[in-house]
Each structure stands twice: as structure tokens, then as C-alpha cells.
Amino acid sequence: MSQQIIHPLQKHFQTSFEEIKQEIYIQTTITDLNNTTQNSRHQFRQEIAQQILQQDDHLIPLKDLSLKYNTHIETGLNEQQAEINIQIYGDNKLTEKPKKSKILIFLLELTNGFSILLWAGSFLCFLAFFIDSSDLSNLYLGSIIVFVVLLTGIITYHQNATSEAIIESFKNILPNNSLVTREGKTYQINSSRLVPGDLLTIKSGEKIPADIRIISSIEMKVDNSPLTGESEPLLRQDDALNVQNPLEAPNMVFSGTLCKQGIGKGIVLKTGDRTIMGNIAHLSQQEKQVKSPLREELDRFVVYVLIIAVFLGVLFFFLGFFVIQYDITSCVLFGIGILVSNVPEGLLGCVTISLAITAKNLAQKSVLVKNLETVEALGSTSCICTDKTGTLTQNQMTVSAFWACLDFQEGALENNQVFQDLHLCSVLCNEAQFDEKSGEVQGSATECGLLRYFQEIEDVKQTRKRFKIAKNIQGNEAKYPFNSKDKFSLIIIEKEDENNNFCVYLKGAPEKIWNFCSHIQNNNEKIDEINQEAQKLYENANNIFGKKGQRVLAFAKLFLKKEDYPINYRFQLQNIDNFPFQVNQFIFCGLISFIDPPKLRVPSAILQCRSAGIKVIMITGDQPSTALEIARQCNIIPRKKRTNYDDQEGDFYQKIDQNDAIIIRGDEIEKSFEKEKSEGFPSEYFLQKWIKKPYCVFARTTPAQKLQIVQACQSQGYICAVTGDGVNDSPAIKQADIGISMNISGSDVTKDASDMVLLDDDFASIVQGVEEGRKIFDNLKKSIVYVLVSNVPEIIPFIAFIIFQIPLPITSIYMICIDVGTDIIPSISFSYEDAEIDIMTRKPRKKNEHMVSLKLLFHAYFLMGVLAIGGGFLAYFTVFNQLGFPIKSLFGLAIEKGVLRPPKGDFQEGFGCKNCLNDDCAYFNGNFMQKKAYNCMQDLDLLKGQKEWDFKWLSNEFGDYDLRKSLIFCDEKSGKWTPKIKWGKCNTSMFISPVSGNTACFTTEALKYAQTAWFCSVVLFQFSNVICLKGRKTSFSYTQMNKFMIFGIIFELGFCLFLLYVPYVQNIFGSRPLNFEMVLMPSLPFSILIMVWEELRKYLVRNYWWFEKYSYY
């Protein structure tokens, strides 16, 4: 029929009043939905679906429908009308849920668990400064904490944005194509380019891309559960049966639902947001996302850290206030210091970057991850249940050999009736077809192989045109599509001769087809009854093909007599039990075998899995002999390993027990369930026993049995990854811990159900995914250890300060400088680390193995952390000793008070002060002592009514005072002013503080130098630590330094020098310039020691099981 091109404006005014009312109804419904509870959402979804479309497109005659949409039921739209419709209706896409604004996302990054803790700390700092504005350290600390929160927020926001961009880019890698007919040509287009009026063909396993009215159907069944919740597949046909509700009409299919079986053809009615699913899509957008195991591990770690940080912060606040009796401001600083030291600011950034890098790496290796956090779960996989065709093999079926006329045949048999029947059955009983644009064959692998072979003999189109297909009772083509349960397909064609009107061609699994046959075609005219000799020849041929690893299809035919089946007979083909002809009277035509060799990388990948402790189970629909040979070619079963199929005699269960390598048929699984019930065994006793075998293959299985196998593996504690491509694989993929679908051969249903998609359908890509998942887990452990190690020399100083009352070895500002300034880049650099050389020789981690384990904490805190403390204390005591404070004198010094503040800048030394011990003027305090006094008792009158001098170690205000002149007491026995502590020697002209302008000897400035030395010691220790952590078990000498880690070490060094030697920065951070003796001499030995110790520990772990068990974190 001719097609009239309709102008967009004209089309616009054809919108019915009912559709306008519908849009108003939708908007009010959405408002109601926001107030709908979670429990009633499913019921409300059904109510919307029943009311949302008030249209009659499913009821009007096809001729009127064609006119309405300006299309043709046979040739479809023309290209010009399709382009106009695109302009009118837009792309066939759902409007995406409005994304959160970038500002809001950034604000959320600033308010996570760690950030809230830091915000609280900064608030307390500013509050302390408000109470006492004379102490600028509170202002500095608060400002630095705010800077830290903003910096970490920016880093995390940037990396999350990068990760989201990666996931968005992946959407374009998996285009959803549809098979359309336009201008009489059938070809594939992207589903987003579909428009109302398009003539669309839908096959089993495909997702319905739009709302469609079916005009022809071959046993098409759809799963409407995404729309209505109804899980039972519904049969579709071309008649509405006068059903008024479009949702219940049997000639309607809807966007987002799934074609579970058969084939259908229809006209697109609604696309994009105008579909029923488009109108209620926001319901699915509101569904709560389930946390991945990695996210649960991280949340668990964050909660533990927050509890510990808050507890220690509050504890040290009270200890400082009640034990040391410091003022509240100082105690607040101590509490904040503990809070800050326990927050691993760089960890979340490390996680995000690790996942983003891994996703990129996997994409380059043809593995697409739909959720970044599932990558880590793949690394813990202990069992892979894989199908055969397309995953292990190349999925390029090539016709290899024929068995017909009770013998093997070489090539095509000219003028032979048997070969002609094989030819017709292969082409007519075949849903594959050539794409008219690309010329490639579209369809299943075996059917494509048949079409490619017979295309060389006769053009497939011409062959199909020569025969008319009979009709079923619905008026559609009399076909029975292949399904995994029945394992055959058939077609009925009109083929008149003297006695017959129709011929049934049958194609499917050999054992299935053979059982349908009572006769065998021996040669051109002779048809013999099947006898024992024919049975043996058939079984021998089938076994020979199978042992070569070839897939085999059997073919048969059945003539239907004129007297029983008149020319206009309509066939009932909905169920095999109701076929209108006897299914056990077919004539066997022959066998065709196909070569589908394993992919090149698969055998080595299987061996790699075995070395990694991963069990590989092959689950296939092929016959056992074929499955066994492919399993041997792929190394799933070693070539010399004997199997139960190699044993000719003995009971089935006895043969299973005697062999480590077993082949189990699907029907034997069902028989084992019956045996369990009759003999009182526990449920799935035999199946769970079988999967424990070292080498296991399941053949001739159904999707339900595949699901049972996966469940059995999980019940035995395996973390199970499952591959699949067909629509019936989706239950097993959903059940799996990690579902993996195929891109090339995979159906839309399995892709939606899976966590990962193999872009090249190659099993070896799974192994690469496992390696990447293990690497993530490894690198996160390393990053956590690196961060926790530096926490120890940050927390212990506060404990030493409380218990031993030494001047505080490190300040809160220094801790922030370590956590954010020097540690954050090296901790993130672990994200860029390559996998360790032994990563695929380890056993998979167990389900109960946590990322942060007791062994990890012990390693970080009590092995590495103790050495870090040693370096810090050695540097601290060394600097104090050089500046006149011997080690013994530091104990208790934090709470000491001076008799009276000495004169500012007075560092007088020498002899001549008679009232001081040894006449040493170093103890002479000119603010109250008399120069001519010979006895300290003469100076006591001047101290009456004077308060003790409570100097602050952490304040710059007291750096100009010589503590020797204040930390004294009057010894009544000797009559001399005697020092409270023993002082050492210090060259006052050598150590000049850039802040006070005076010497650091014997002053509170000495603490600034000691704290700086402690800070440098931790930084230097972390230099060695980051190198040691490159391998958890292997020596760092076997690993390469990644560029980001080198940059991190250089940045650490540069940041350290920046703090030490930039004058104004010294005022803010409390840093001081150090010489060689103060930094390297005390710290370097511990940095070298940690590398020696770690190499020794790794050696012991590699060679002695006890160390591996208790020292391998």
C-alpha cells in the first residue's frame, strides 16, 4: 500500500483528548506516589498500569492501525517517515532521573562520617580561640582542619565524578539493538532510534524496547513481571480477544518486559517516556540499592574508627583535665589531636581511585563492570560455573561432517533425497537470517553455521521462498521454536504429493530426535524401520562426533496424510503433548556435526584458575561425550585423568565414587533427588557430594538444574561466579555471588541480571577480572596498614604525655600534616600498584575474612608501629639532649612550674653567683635574686605573695626564657638555688630559633625542635614503610615503583622541607629547622631496620607455614 508522509504539525494535532487527560492523570499520580509507602508500592504499580493508558490501538483493525501510524504491516515505515517520526517523538529513551547538583554532591562529601568528626574538631578549636584569643595555635589548628576537610572532599568528589563518568561511558559500549523492517528491508538499528510505526521482530531472550502491538507470533511468551509483578510467562498472539484493558490484551507487549520464548513481530505504538514503563519508571529509581561486600567492609571499618577516635578523644580530654590538671583549652586540643590522628583521611580517596583504575583496566581487557564495587567481590571467587559455547569455545560453528544413510558422508550429496531433506530442514527450521545491510548472519551459533554452509549450495532466500509455511490455529506460521527444556524445534510446510499435504521438519538434540523416530531414510527412496543394527550405528556415530568435541544436531521429517490434514488445516503447536500428530513416527534423516574449538587463551586460563585455588565447573547443554572432550581440551579435566564415562561397567554411583573426574547428565541430577527421597538422604546430598570432586562437568542440563548446581556450590561455602548467555540462564546468574553475562551471544535479560559483561565472551577475561579483584583487596589492605602505622606514633605520644608527663612529643597540627600532607598521596599511590607476582597462586579468601583483620591490626600497630615509635622517641630524646635536656630530666617535666618568670632573653652563664649551686649564674633569676646575696634564704622574702610561673610548653610566648633560671628551689642545707632537674650542655650560640631570635637551648623552643624531629622521623619511617608494603609476601625488590608512589615520596620530602625551612610557615605549624644530627642520625637506623625486618618476615612467611598463618595479614 502507498504511504503518505505526515507533517509533524499535522501529527501533533491528532493527539486525542484522552491522551491529554492521561498526561494530567500521570502527573497527579506521581505526586501520590511520593506519599506511598514501600509496602504498598507494588500494589500501586499495578493500579497505575491498569489506568495509565486509555487507548484502543490493540483493538482497531490492522488496516486502520497502519493508516494511523502511516506504516505497512509487511514492509514497515519508509526511511523518510522514520526520520520525521524521530523529530516528532524523539529518541526511544526514558528521561533520566534528575541528578543531584554538583554543589550538593560536594557538600555531601564534606559531611561523611570522617568529615563530621573533623568539623567538630575545628569547631572546638575556634571555640577555644574565642575563649582565649591570646593563643593563636587554636586558630591555626582549626583553620588547618577546615582546609583538610575541604581538600579531602575535593579529592573524593573529583574521583567519584571520574568513576561516574567511566560508568556512563560503559553504557555506550553495550548498544541495545533491535531488528526492524523498513521499506521491506530487515536490519538492525539501535533501539533508541525506534519510532512509532516501526515494524519490529522480537526473539527469545530480548528485552522489549517499546510498547508494541503483535501482528504475528510463533509461540511467543513474555515476562511482564517488571511491569505487573506477574512472574508466569504469558503467551502472546495477534488477536486481542476483545480484551479492553491493553495491559491484559494478549496482542500487546510493553517496554521493559522480556521475551522468554518464541518469536513475534509487531508495530511500535509508544516509545520513550510515552510508554507505560516510562510513566512509572520513577518507581524503580526510588528502589534502595543493596550495599556491595566492599562497601559493607568499608562502612564497618569507618564505624570502628569513629568509635575508637571518639572514645580516645574523650578519654584523653578527661585525663588531661583531671590527671595533668591542664586548663580546658589545652585538654580540648589533646582530644582533637586524638580524633585527628585516628581519621584515615586518604582511605576513601584510595578506594575510589582503586575502583576507577580497575574499571578502566578491565574495560581494556574486555570486561565491563556495571557496579565498580563488585570488582573486589570477583577477587574472592572460589568457584566459576561456566557454560561452554561462546565462553570456552569460539562460538563459530562450522559444519564439519554428515552422518546419513547409516554411514559417514563426505561433503554435499548431489541428487540425494536425504541430503535434500537435511538441506531443507536446516534452512526452513531455522530462525537465523542474513542482515541486509551488513551481510552478517544473525541468530544462534549453530543455526548461523547451517545457514553459512547451505548458502553456498543455494541462496537461503530462494530456498525459503519456494515453500509456504502452514498456519497454526492463531493464523501465524506453524512453528515450534527451540527451547532449553524440549531441546528441539520444528516447522510445518506445505509440500503436496500424491498422499500428503504437509511435511514436518524437526531439528534438535540427537537423543531427543532419535526417540521421536520409528524409521530411518536409508537412501533416495528406501525408508527402513529402525532396528538394533541401526541403533548401534547411530550411537557409534554420535559417540565419534562427541569424542572429537563436536556439537551434533539431528534432523527428521514426518509426512502428514491428505485425508487427515486437508490443505487449510490449522495446527495446534502450543504444547508438545497436544501436537495434532504422533511424535514417535518421524523418519530420521541424519546427523550434522559442527566444529567449535576452544578459544586460544582458555586452556591456560583454566590452569591459572587451578593454581589460584578456583574450582571451574563446566555446565553445558551438549551431550556428555562432547562435553568431556571440550573439557579435556580446555584443561578442565586433565587429558590423562580417568572419568566415570571411561568405565564401562559398574553402578553409576559406584563409578562416581571411584573417580576424581566426573561427567554428570542433567537427568541423573533428577534421579539423584528421587534416590535421596526414597533412601532417606538429606536434600541435594549427592549433588553437593559431586561438586566437591576436583574435576566436575555437567552435561545436558536444563536452566533449572544449572540453578540447583549454583545453589549447591554456595551451600558448600563457595563464592560462586556464574556465566551465561541465554534468557534461561538469568535465574542462575541472579543467584550467583557474581553474575557474568556475554556481550556478543548474551541476551538482554542476562545482561540486565549480571554484575559484569564479557565484551569478547572469553573465559580468560574472567580470570583477568579475578586478578584485578584480588589486586584491589591487596592494595586496600596495604593502604590501610600504611595509614594505621602512622597512627601509632601519633597516639603513643599522648599516652606518654599522660603517664610519664614528658613534654608532648607531637602536636595536633603535626598529626594533620602527617595524615593529610605527607601520608595521603603515598596511601593513594597503592591504587596504582601492579598485582604481586604470587597473586594468582593464592587460595581465594574466605567469606568471613575481613579486610581489616586482627592480624592486620597487630601487624600495623605492634610490629610496624612499634618501630615507628622507636624512631620517634630516639629523635625526640636526641634533640632534647642536644638542647640541654637529658633524657631523665624530661620525665615529669610537663607539669613542673617555675618559681618566677626570669628576665626575657637572659641566658647568662658563668661563675660569680654565690647564691646559686656551684656559683653558676645559669640558675640566677634576675627578677627576684640579689646579686650580692650569698645564700638563697636571703632571696625568699622577695618571693612572698608571688605565684609560681606556669609556663606553657606549646606556646611561642615562652620561647625567650631560660628555664634553668626558673626551675629551681632553695636548698636549705646548702643555702644555694638548686635546679629541680639535671641539665645538660648546649651551645647557646649554635641553636638560634628563627621564631624567638634567641637560642633554643634550655627553653620551651627545645620542644618545638623535638616535635619537628619526631615529625621528620615519622615521615622518614613512612618512606621505608611505603616501599615495604609494596608486597604483602613478596620482596619489594620484585616490584617496580609506580610513578605516583615516587611522586608521593618526593612530595613528602618537599612538604617536610617546606615546613622546616620557610619562616612564616614555622610560626603557623610550630616547625623549626633541624640539622643532620637531629634528623637522620636518630631516624635513619629505624627506617633501615623496618626494611630489614620486613624482608625477614616475608622470607619466613614464604617458607614456614607457622609464620604464614600468624604473620600474613
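Before you click anything, a working definition: a disulfide here is a pair of cysteine sulfur atoms within 2.5 Å. Keep in mind too that this is a predicted model. Searching the whole structure with that cut-off turns up three disulfides. Number the bonded cysteines in sequence order and the pairing reads 1-2, 3-4, 5-6.

**Stop one.** Select Cys 913 and Cys 921, and show their side chains. A disulfide connects them, with an S to S distance of 2.1 Å.

**Stop two.** Now pick Cys 936 and Cys 970. Their sulfurs sit 1.9 Å apart, joined as a disulfide. Which parts of the chain does this pair link? Distant ones: Cys 936 belongs to the loop between α33 (887–890) and β30 (968–971), while Cys 970 is in strand β30, and the two are 34 residues apart. The torsion about the S-S bond of Cys 936 and Cys 970 is about 65°, so this one is right-handed. Both of these cysteines are buried.

**Stop three.** Move along to Cys 986 and Cys 1001, a disulfide with S to S at 1.7 Å. Left-handed or right-handed? Check the torsion about the S-S bond of Cys 986 and Cys 1001. That torsion is about -45°, so the disulfide is left-handed. Cys 986 and Cys 1001 each lie in the loop between β31 (976–979) and α34 (1005–1028), so the bond ties together parts 15 residues apart in sequence. Color by accessibility here: Cys 986 has a relative accessible area of 13% and is buried; Cys 1001 is at 0% and counts as buried as well.

**Stop four.** Select Cys 383, then draw a distance to the sulfur of Cys 713, the closest cysteine sulfur. Cys 383 is buried, at a relative accessible area of 0%.

**Last stop.** Finish on Cys 405, which is in no disulfide. Its nearest cysteine sulfur belongs to Cys 589, 9.7 Å away. Is Cys 405 buried or exposed? Buried, with a relative accessible area of 18%, where the cut-off for buried is under 20%.

Conventions
Residues are numbered from 1 along each chain as its sequence is written. This is a predicted model: local features need pLDDT of at least 70, side-chain atom pairs count only at pLDDT 80 or more; totals for chains, interfaces and linings use all residues. Side-chain values use heavy atoms; hydrogens and water are left out. Helices (H or I, at least four residues) and strands (E, at least two) are DSSP runs, numbered from the N terminus. Buried means under 20% relative accessible area, exposed over 50%, partly exposed in between (1.4 Å probe, protein chains only).
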